[in-house]
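Colleague: Hello! Could you take me through this model, one question at a time?

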Amino acid sequence: MMRFPPALAIPFDLVPVPIAERTANMLLQRLVRRHPGLFERLGEHKSKRYAFRPIDLPFVFVVAPADEEVTVLRGDAEDGADASVEGPFFMLLALMEGRLDGDALFFSRDLAISGDMEAMLALRNALDDCDIDLPTDLSTLAGPFAPVVARTAARIRGKVLFEEPRSWS
């Protein structure tokens with residue numbers, strides 16, 4: 001699986017947190033509208049906070065399902081989450097879509113999980129039941145360009161998830 005290219009991650013250091021947070025909340029609201037039962041499936045864990053720590057981007061995304069809200073922090077900030085998952089950004093997105101086996105990634109140490117494991121397991125099960133397709137779900141934000149954006153994003157997803165990185169030698 002490809003990691004987020006470091007040269008492309010550098011500009012994210014310059015993105016103000018409020019802009020990243022507003023964007024993340026807009027995307028979360030779109031997902032919740034497309035999958036209205038997502039957070040209800042968490043049951044007793046709906047009131048907990050889940051941190052997503054991409055190791056190749058300078059942000060932490062803390063999702064509060066009860067408030068349907070994302071708080072964005074700089075990567076080294078204390079997140080105050082009940083449960084956290086850390087891994088490459090594209091891996092975290094693939095887990096959101098249920099395209100990768102989270103258990104296998106956890107046991108192979110490609111993914112680190114800390115905090116309330118029961119809550120994280122409930123989140124994984126909720127995500128698995130939703131059939132999230134990020135290119136399709138989020139491309140509608142592009143208005144009349146949605147079909148083009150969805151196809152392009154799906155093609156990028158295929159390359160990121162299923163192509164081995166090329167060797168430089």
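Colleague: Glad to start with the contacts. Among contacts in the protein with a separation of 6 or more, what share comes from residues 24 or more positions apart?

Modeller: Good place to begin, and please keep in mind that this is a predicted model. Counting contacts with a separation of 6 or more, the part made by residues 24 or more positions apart comes to 66%.

Colleague: Thanks! Which pattern do the helices and strands follow along the sequence, and how does the radius of gyration compare with the globule rule?

Modeller: The protein has seven helices and five strands. Read along the sequence, their pattern is α-α-β-β-β-β-α-α-β-α-α-α. For 169 residues the globule rule gives 15 Å, and the protein is as compact as a globular protein of that length, because its radius of gyration is close to that value, at 16 Å.

Colleague: Let's turn to helix α5. What distance between its end C-alpha atoms should we expect, and what does the model give?

Modeller: Helix α5 covers residues 117–128, which is twelve residues. At 1.5 Å a residue these should span 16 Å, so the model agrees with the expectation: the end C-alpha atoms are apart by 16 Å.

Colleague: Which residues of α5 are buried, and why can we place them on the same side?

Modeller: The buried residues are Ala119, Met120, Ala122, Leu123, Ala126 and Leu127. They lie on the same side of α5 because the arc they cover around the axis is only 155°.

Colleague: What do those buried residues pack against, and which residue caps the N-terminal end of the helix?

Modeller: The buried residues of α5 pack against β1 (50–54), β4 (83–87), α3 (89–96) and β5 (112–115). At the N-terminal end, a side-chain oxygen lies 3.1 Å from the backbone nitrogen of Glu118, and the capping residue that provides this oxygen is Asp116.

Colleague: Now α3. How many of its eight residues are buried, and which elements do the buried ones pack against?

Modeller: The buried residues are Phe89, Phe90, Met91, Leu92, Ala94 and Leu95. That is six of the eight, so α3 is largely enclosed by the rest of the structure. Their packing partners are β1, β4, α4 (102–107), α5 and α7 (146–162).

Colleague: A loop residue next: is His45 buried or exposed, and which residues does it touch?

Modeller: His45 sits in the loop between α2 (17–34) and β1. Its relative accessible area is 5%, so His45 is buried. In sequence His45 and Met120 are 75 residues apart, yet their C-alpha atoms are 8.7 Å apart in space. Leaving out residues up to four places away in sequence, His45 touches Tyr50, Asp116, Glu118, Ala119 and Ala122.

Colleague: And Asp79: which backbone nitrogen lies 2.8 Å from a polar atom of its side chain?

Modeller: Asp79 is in the loop between β3 (69–74) and β4. With a relative accessible area of 10%, Asp79 is buried. Beyond four places away in sequence, residues touched by Asp79 include Arg49, Arg53 and Ser84. The backbone nitrogen at 2.8 Å from the side chain belongs to Ala81.

Colleague: One last check, on backbone angles. What are the phi values of Arg109 and Asp131?

Modeller: Arg109 lies in the loop between α4 and β5 and is exposed, at 77% relative accessibility. Asp131 lies in the loop between α5 and α6 (134–139), and Asp131 is exposed at 63%. Neither is a glycine, yet phi is positive in Arg109, near 65°, and in Asp131, about 55°.

Conventions: Residues numbered from 1 in each chain as written. Predicted model: local features only at pLDDT ≥ 70, side-chain atom pairs only at ≥ 80, totals over all residues. Heavy atoms only, no water. Helix = DSSP H or I, 4+ residues; strand = E, 2+ residues; numbered from the N terminus. Expected span 1.5 Å × (residues − 1). Buried < 20%, exposed > 50% of the residue type's maximum accessible area, 1.4 Å probe, protein only. Arc of directions from axis to C-beta. Contact = heavy atoms within 4.5 Å. Polar contact = N/O pair within 3.5 Å; in protein donor to acceptor, adjacent residues only side chain to side chain. Rg over C-alpha atoms; globule rule 2.2 N^0.38 Å.
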